[in-house]
Amino acid sequence: MIRTFHEHLIRKTSLLDGLWDFVTDSDNKGVQEQWHLRFPAPERQLVVPSCWNNEMGLFQYLGAAWYRTYFHTNGDSTHVRLTCHGVMHHGDVYVDGQHLGYHFGGFTPFSYVIPELPAGQHELIIRVDNTVDWQTLPTDIADWFSYGGIYRSVELQELSDVYIDRIKMDYTLAGENADVSVQVKLRSLSQKAISTPVAVQVNGQAFGAAEALVPAGETVTLTLKETLRQVKRWQIGNAALYTFSVNTPNDDQIDRIGFRTVESRGGQVLVNGEAVYFQGVNRHEEHPEWGFAMPPKLMLKDLDILADLGCNMVRGSHYPQSKYWVDLLDERGLAFWEEIPMWGYFMSRETLASPLFRERGLRMIEEMIERDYHNPSILFWGAHNEIDTRTEEAYSLTEAFVEKIRNLDASRLVIYATAYPEEDIVLPFFDVIGINKYYGWYQGSTEGFRTMLDDFHKHAETLRAGDRPVLMSEFGAAGIYGDTGWEPRLFSEDYQAEVLETALSIFRDDPKIVGTLIWQFSDIRVDLRSDRNYFRDRARSFNNKGLVNEYRKPKQAYRAVRSIYRSGK
Ligand code: ADA
């Protein structure tokens, strides 16, 4: 399942989910021929979508692997689009022995169009490689496990001679009215020019229509504009959604939006003109049995837990989470912070300065915003997390990232998370500043928060960024599930609860802080290797700072935060 609704009623689509042949390639022979030599005895079969590091014997496997399946097309020749919704991290796609392309980036989808595929059975092979290094996003040092695999669905679509390549909806709100523009990009796979009617509907009512002449092999973009009257606003906690469908006689594309505004003004974040105090958590989309391939059932459970906790916001730490999840957030009326997987605490200046790294980051921003442009729950685009924002390299990278985000979407706020609030030189680029600090855990007692915040506010003033609202984007402590005692002590549930209670009360007294995001929702698996010196304090190979453990069982900290979040004080 890709979305919570159907994106096509006319276009034929199917998911190639199921059992695929699978073979690891630890020598990284890396050519397709070698895969064929190893057939017909593949090592095993794996379910797509899933992560191989949840399977027997592959718990720690980092490297290359080959996947194979077959699909069928009918009719003399069929135009086909193949979309991989999540391949971690490097993907090479082959159909009938032809290399269609290579994609880097584990958290965003990519597609290939194959025109005029003859009828019959086709072989689809995907080489997947979850190797990370100093120039990948994430790099080889990040505080979560880089599960490998085809962990989101692979989708097959049959395209008509002229098909809808993309739709883009924009609006401006004036009182109860919305001036809406719908851009429709049509692409031709035909040898001749084709004229086609295009009709747009909103919630089943006619919105606009036009005729498009698409020259052979070309792309044409139409824009239809209309004022919608008395629109209901999408509100936090009260979601109103509108379904747009674009139709030609042979094709369609359906998507949803919600009408709302979000701005950073007077030190506040205003949603539909009203200041919001955000109460939330950082959530990794991860589970010990599923890795990143979280099934919808578990997403619903996570949402129910978040509702019980009293949250109105989630940060998708630290990468674009599944589209299904973002759709659910739209429906439940939760605010979302979405970001690219740029986790920088141990990142070198060489990495920050690497042109390949920068290019990969920019492409991920593009793919993330293209995928989720219409989801109203997303109020914040996150540029990066804890890179060394005291350096010139970080300054230059930030400038490029923020410019890219604003060019692609001027309707949302741009945010990031800093680990160096008192010395940071990039503050002025952003609409909202996220601060990650761990007093009570890595950095002495929780009293340290007060001094840090005083120093930060002064520093922000000197950089003329004192008017920016601040979100406490990470803070917390590890608490091993089940470890309780008479006195709070490091790693106990009691200690974790105490740190969070004290931190929340300090943050609630600071008028410049507009919300708190606890690190973190659930315990997560981390990349703990005996030959490296990173994350040695992660007992059980888990980051244990979850309010619930990895199976979503509540710790004391959960109940402490719940009582504060629910009191609204
Ligand atoms: C950082 C980082 C998180 C996590 C956390 C921790 O703030 O952004 O991903 O690693 O620290 O637990 O130390």
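Me: Is Trp441 buried or exposed, judged by its relative accessible area?
Reply: The model is a predicted one, and the assignment rests on its coordinates. Residues under 20% relative accessible area count as buried, and the relative accessible area of Trp441 is 14%, so Trp441 is buried.

Me: Which aromatic residue forms a pair with Trp441?
Reply: The structure holds 32 aromatic pairs, and one of them is edge-to-face, with 5.1 Å centre to centre and 85° between the planes. Trp441 lies in the loop between β26 (433-436) and α7 (448-462), while its partner lies in the loop between β27 (470-474) and α8 (493-508), so the pair ties together parts that are 50 residues apart in sequence.

Me: What is the geometry of the pair formed by the rings of Phe475 and Phe507?
Reply: Phe475 counts as buried at 0% relative accessibility, and Phe507 is buried as well, with a relative accessible area of 0%. The pair links distant parts of the chain, with Phe475 in the loop between β27 and α8 and Phe507 in helix α8, 32 residues apart. The ring centres are 4.8 Å apart and the planes stand at 80°, so the geometry is edge-to-face.

Me: Are α5 and α6 roughly parallel or roughly antiparallel to each other?
Reply: The axes of helix α5 (residues 355-372) and helix α6 (residues 392-408) come within 10 Å and cross at roughly 25°, and the crossing is right-handed. Angles under 35 degrees count as roughly parallel. The two helices, α5 and α6, are therefore roughly parallel.

Me: How many nonpolar residues does the contact of α5 with α6 have?
Reply: The contact is made by residues including Phe357, Leu362, Ile365 and Ile369 of α5 and Leu397, Ala400, Phe401 and Leu408 of α6. By class, the contact of α5 with α6 has two polar and three charged residues, and the number of nonpolar residues is nine.

Me: How many charged residues does the contact of α2 with α3 have?
Reply: The axes of helix α2 (residues 296-309) and helix α3 (residues 323-332) come within 10 Å and cross at roughly 35°, and α2 passes α3 in a right-handed crossing. Pro296, Met299, Leu300, Asp302, Leu303, Asp304 and Leu306 in α2 meet Tyr324, Trp325, Leu328, Leu329 and Arg332 in α3. By class, this contact of α2 with α3 has nine nonpolar and no polar residues, and the number of charged residues is three.

Me: How many of the 10 residues of α3 are buried?
Reply: Among the buried residues of α3 are Lys323, Asp327 and Asp330, together with Tyr324, Trp325 and Leu328. What covers the buried residues of α3 includes β17 (252-257), α2, β22, β23 (335-339), α5 and β24 (378-385). The helix α3 is mostly covered, and its count of buried residues is eight.

Me: What is the distance between the C-alpha atoms of Val246 and Arg166?
Reply: Val246 has its place in strand β16 (residues 242-247), and Val246 is buried, with a relative accessible area of 0%. Leaving aside residues up to four places away in sequence, Val246 touches residues including Ile164, Ile167, Val182 and Val184. Val246 and Arg166 are 80 residues apart along the chain, and their C-alpha atoms are separated by 10.0 Å.

Me: Where does Phe535 lie?
Reply: Phe535 has a positive phi of about 60° although it is not a glycine. Phe535 is buried, with a relative accessible area of 7%. Its place in the chain is the loop between β29 (524-525) and β30 (542-543).

Me: What is the omega of the cis peptide bond that joins Met88 and His89?
Reply: His89 is found in the loop between β5 (87-88) and β6 (90-95). A cis peptide bond joins Met88 and His89, and its omega is about -15°.

Key: Residues numbered from 1 in each chain as written. Predicted model: local features only at pLDDT ≥ 70, side-chain atom pairs only at ≥ 80, totals over all residues. Heavy atoms only, no water. Axes fitted to C-alpha atoms, helices over the stretch in contact; angles between N-to-C directions. Helix = DSSP H or I, 4+ residues; strand = E, 2+ residues; numbered from the N terminus. Parallel < 35°, antiparallel > 145°, perpendicular 65-115°, else oblique. Left-handed = near helix turned anticlockwise from the far one by under 90°. Contact = heavy atoms within 4.5 Å. Nonpolar A, V, L, I, M, F, W, Y, C, P; charged D, E, K, R; others polar. Phe/Tyr/Trp six-rings, centres within 6.5 Å; stacked < 30°, edge-to-face > 60°. Buried < 20%, exposed > 50% of the residue type's maximum accessible area, 1.4 Å probe, protein only.
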